[in-house]
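Please find below a short note for a colleague who is meeting this structure for the first time. The points are meant to be read with the model in view.

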Amino acid sequence: MGRRFPWGVALASLCLVLIGCAPQPPQRDFRRPQAAVQPWTAPNATPAGGTLPVGLLLPLTGGNAPLGQAMLNAAQLALFDQGDRRVEILPRDTRGTPSGAAQAAQAALAEGAVALAGPLTLTETAQAVGAAGGRVPVFAFTSDETQAGANVWVLGITPSQQVRRIVGAAAEAGARRFALLAPDDAFGQRLAVALRAAAQSLGAPAPTVILVSNRGDMTATAQQLAGNPPDAVLIGFGGPGARAAAHAIAAAFPGNPPRLLGTSLWATDSTLGQEPALAGAWFPGPDPVGRARFDSQYDAAFNERAPRLAGAAYDAVALAARSAREGAPPVGAAFMGADGPIRLLEAGSLSRGLAVFAVRPGGEPEMVKPAPLPGGPGS
């Protein structure tokens, strides 16, 4: 039998780190109206009954083991915040492989897991979902929304969530004609599908879509946009590709360049402000207030910075624990997660509130639009 992490064990481990820790969930301050957004915290009262096991599928060995450990840390924070002593997590090692994920899911289910959190990648998710067979809800960490379905939710920030947010923000600022310049790969293709859908929902013209290889001639590619000038161009590249694309677009439109838009790939790239053509470009990213709260709590508990994907583990375990406690996933309710507000929808869909940031020359990005409540205007 593998390791189990009951509520009391997680609480005890945190008390070793947090000086003066009391046996209750920490107080929450989301710095926004709370009428429609509920924190993850559950009541302290613990009705009589048995335990509620939640399977946690993580790469605890192999190349992603350090990330797996960090996600296990985040899971313990979520368990502590839930405040329900009946809930326990069953960490099971996926070994970072699809077959390992299937075996980990089977092992957790054999020990009575009533919900699963994880696994990490899309191929692992497919195998774990197959092993679960729809018997329990699965909250996966991947951002590949093709894995979502009945009783399966993906908690990564998906391409469609990013595109809806950034295109909606640009449309509010007056943009109507959109274009996409992105890599010719699975990510670029998903951005293209999402942009077409977003433009259609806005009643805007069909966007111009240009997918190129990383070694393509960016100057010639940008010139293709000049024939049908867009109001805004979504750049699907990160890092050097984003800088090269922005420079080429600026050269192709010397008089009146379109507004440049990016993806959440830009949220962790501090070098973008070094490219003058990217100054003022917008991109979507996690709500900074919610993320700062999570990062601060994680650092206080474990004395290290939380990796970006740790937030998905926190949210997944919190949702899995609530599903276990209530007997069904909390579809329709909005919550403040580690990366901002989210709302579970039917058939595996997820609505997420993302903030909008602007690239600033030589400095940190500046938030220009806060994260809206999921399902409301701008989400």
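The numbered points below go from the whole chain to single residues.

1. Basis of the note. This is a predicted model, in which local features need pLDDT of at least 70 and side-chain atom pairs count only at pLDDT 80 or more, whereas totals for chains, interfaces and linings use all residues. Residues are numbered from 1 along each chain as its sequence is written, and side-chain values use heavy atoms, with hydrogens and water left out.

2. Confidence. The average pLDDT (the predictor's confidence in each residue, from 0 to 100) is 86 for the chain, and 85% of the residues score at least 70. Over residues 7–48 the pLDDT is below 50, and this stretch has 89 contacts (heavy atoms within 4.5 Å) in the model beyond near neighbours in sequence.

3. Overall make-up. The chain contains 10 helices and 16 strands; helices (H or I, at least four residues) and strands (E, at least two) are DSSP runs, numbered from the N terminus. Of its 379 residues, 53% are buried, meaning under 20% relative accessible area with a 1.4 Å probe, protein chains only. Among contacts between residues at least 6 apart in sequence, 66% join residues at least 24 apart.

4. A nonpolar core is a set of buried Ala, Val, Leu, Ile, Met, Phe, Trp, Tyr and Cys residues joined through side-chain atoms within 4.5 Å. The largest has 43 residues, of which Leu56, Ile89, Phe139, Phe141 and Phe294 touch the most other members. Elements giving two or more residues to this core include β2 (52–58), β3 (87–93) and α10 (310–326). The most comes from α10, with 11 residues. A second, separate core has 27 residues, among them Val233 and Ala242.

5. Leucine 56. Leaving aside residues up to four places away in sequence, Leu56 touches residues including Ile89, Phe141 and Val317.

6. Helix α9. The 15 residues of α9 (residues 288–302) should span 21 Å at 1.5 Å a residue, and the end C-alpha atoms are 20 Å apart, which agrees; the expected span is 1.5 Å times one less than the number of residues. Buried residues in α9 include Gly290, Arg293, Phe294, Gln297 and Ala301. Just after α9, asparagine 303 takes a positive phi of about 55°.

7. Serine 160. This residue lies in helix α5 (residues 159–172). Serine 160 counts as buried because its relative accessibility is 13%. Beyond residues up to four places away in sequence, serine 160 touches Glu145 and Ala194.

How values were computed: Buried means under 20% relative accessible area, exposed over 50%, partly exposed in between (1.4 Å probe, protein chains only).
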